[in-house]
Each structure stands twice: as structure tokens, then as C-alpha cells.
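Dear colleague,

Please find below the structure that I am handing over to you. My notes on what was found in it follow directly after.

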Amino acid sequence: PPQPGEDPSTGDGKFIKVANLDQIPDNGLPVRFPVRRNEWDAWNFYPQEPVGAVYLRRVPGEPLPTAVTATCPHLGCSVVFNAGENRFQCPCHDSAFEPDGKRINPETCPAARDLDSLPVEVKDNVVLVEFQKFKGGSKDKIVKD
């Protein structure tokens, strides 16, 4: 049986299957995907439990997509990509980010850092992301326990 944190599609506790490569158009626009993994507590097993979301983006000519968390690094609200304005927007405190996750107007943006990027691998057309959650409200990218 799978071990805690292990994703059955990869057999690895770090990288989680998020999408198939062909689900991400190579037009430079981010696409949101839920992140699911097996979870356990002292008594129960929860298969493919939702644990977060990421945005995957393919830039024409680049071999791998990039990933950023869907969580604003300011206070943890969920960001939305506004294709009409070609930017991420946080609905809570109006932080704004470029399609690559960099802050727009860093000197006035409520978020102290860019959207948190995540490592990506592609194996047999499957996009795997090393999903982590980070503490909000800090300029430093600190992994949550």
C-alpha cells in the first residue's frame, strides 16, 4: 500500500501528478490545476485528498512548464489569473502578479515576495510538481511544516 504523503501515480512522496502535458497550452497563459494526494491521520486513509492548487504555464519553445502556487504569499488567499488583464490578482488585498508570478509594482504590492514557484518534472507526458506550502506574510520563502 502507499505510504503517507506518497502519490500512487508516481510512487514518490515529493512529486505529485498534477496534469498531462497536453492539458497545458503552449501560449504562455497559466492554467489552474488542483493538487491531490493520499493523506492519513491516526485512524483513517483519505485517497486523493485535495491539498491545494497550482498554476502551470508553458511558454512557446520551452521544454518544461513552470509552476507557481495558487496561494498569495501575502496572507494566503487564493489568486486568480485574469486573462483579459494578463495577470494574477489576489482578491483579498489586491496583490498583482505577472503571468510568470513576479510581483507587479513590488514597492506597493501588499505581497512581500513573488508567487512561490515549485519544481516541475515531465515523465511520459505527465506533469509532476513538487508541491509545498509556504508561510505567508514574509519576504522569505519558508516551507510550512
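Y55 and F88 are both buried, where buried means under 20% relative accessible area, exposed over 50% and partly exposed in between (1.4 Å probe, protein chains only). Please note that this is a predicted model, in which local features need pLDDT of at least 70 and side-chain atom pairs count only at pLDDT 80 or more, while totals for chains, interfaces and linings use all residues. Residues are numbered from 1 along each chain as its sequence is written, and side-chain values use heavy atoms, with hydrogens and water left out.

Aromatic pairs

A search of the whole structure finds three aromatic pairs. Rings of Phe, Tyr and Trp (its six-membered ring) pair if their centres lie within 6.5 Å; planes under 30 degrees apart count as stacked, over 60 as edge-to-face and the rest as tilted. W40 and F45 form a tilted pair, at 4.8 Å centre to centre and with 45° between the planes. Both residues are partly exposed: W40 has a relative accessibility of 30%, and F45 one of 41%. The rings of Y55 and F88 also form a pair, with centres 4.8 Å apart and planes at 75°, so this pair is edge-to-face. It links distant parts of the chain, since Y55 lies in strand β3 and F88 in strand β6, 33 residues apart. Helices (H or I, at least four residues) and strands (E, at least two) are DSSP runs, numbered from the N terminus. Together with F81, Y55 and F88 form one aromatic cluster.

Strands β5, β6 and β7 form an open sheet in the order β5-β6-β7, with antiparallel pairing; two strands pair if DSSP finds at least two bridges between them. β5 (80–82) and β7 (96–97) stand at the edges with a single partner strand each, so one side of each is left without a neighbour in the sheet. Strand β6 (residues 87–89) is joined to β7 by two bridges, and the bridge partner of F88 in β7 is F97.

S95 lies in the loop between β6 and β7. At 0% relative accessibility, S95 counts as buried. Not counting residues up to four places away in sequence, S95 touches C72, H74, F88, Q89, C90, C109, P110 and A111, where contact means heavy atoms within 4.5 Å.

Nonpolar cores

A nonpolar core is a set of buried Ala, Val, Leu, Ile, Met, Phe, Trp, Tyr and Cys residues joined through side-chain atoms within 4.5 Å. The largest has 17 residues, and those with the most contacts inside it are V18, V54, L56 and V129. The elements that give two or more residues to this core are β1 (15–20), β2 (31–40), β3 (45–57) and β10 (126–130). Apart from it lies another core, of 14 residues, among them C72, F97, C109 and A111. As for V129, its contacts beyond four places in sequence include V18, V54, L56, A67 and L118.

The sheet of β1, β10 and β9

A further open sheet of three strands has the order β1-β10-β9, again with antiparallel pairing. Its edges are β1 and β9 (120–123), each with a single partner strand, so one side of each is left without a neighbour in the sheet. β9 and β10 pair over four bridges. Within this pairing, E121 has L128 as its bridge partner, and K123 stands opposite V126. The hairpin of β9 and β10 has two residues between the strands, and D124 takes a positive phi near 50° there.

R113 is found in the loop between β7 and β8 (117–118). At 6% relative accessibility, R113 counts as buried. The side chain of R113 reaches the backbone oxygen of S138 at 2.6 Å. Leaving aside neighbours within four places in sequence, R113 is in contact with residues including P73, F97, F134, S138 and D140.

G136 has its place in the segment after β10 and is partly exposed, with a relative accessible area of 41%. Not counting residues up to four places away in sequence, G136 touches P73 and H74. The C-alpha atoms of G136 and E85 are separated by 25 Å, the two residues being 51 places apart along the chain.

With kind regards

How values were computed: A polar contact is a pair of N or O atoms within 3.5 Å; within protein, one must be able to donate a hydrogen and the other to accept it, and residues adjacent in sequence count only if both atoms are side-chain atoms.
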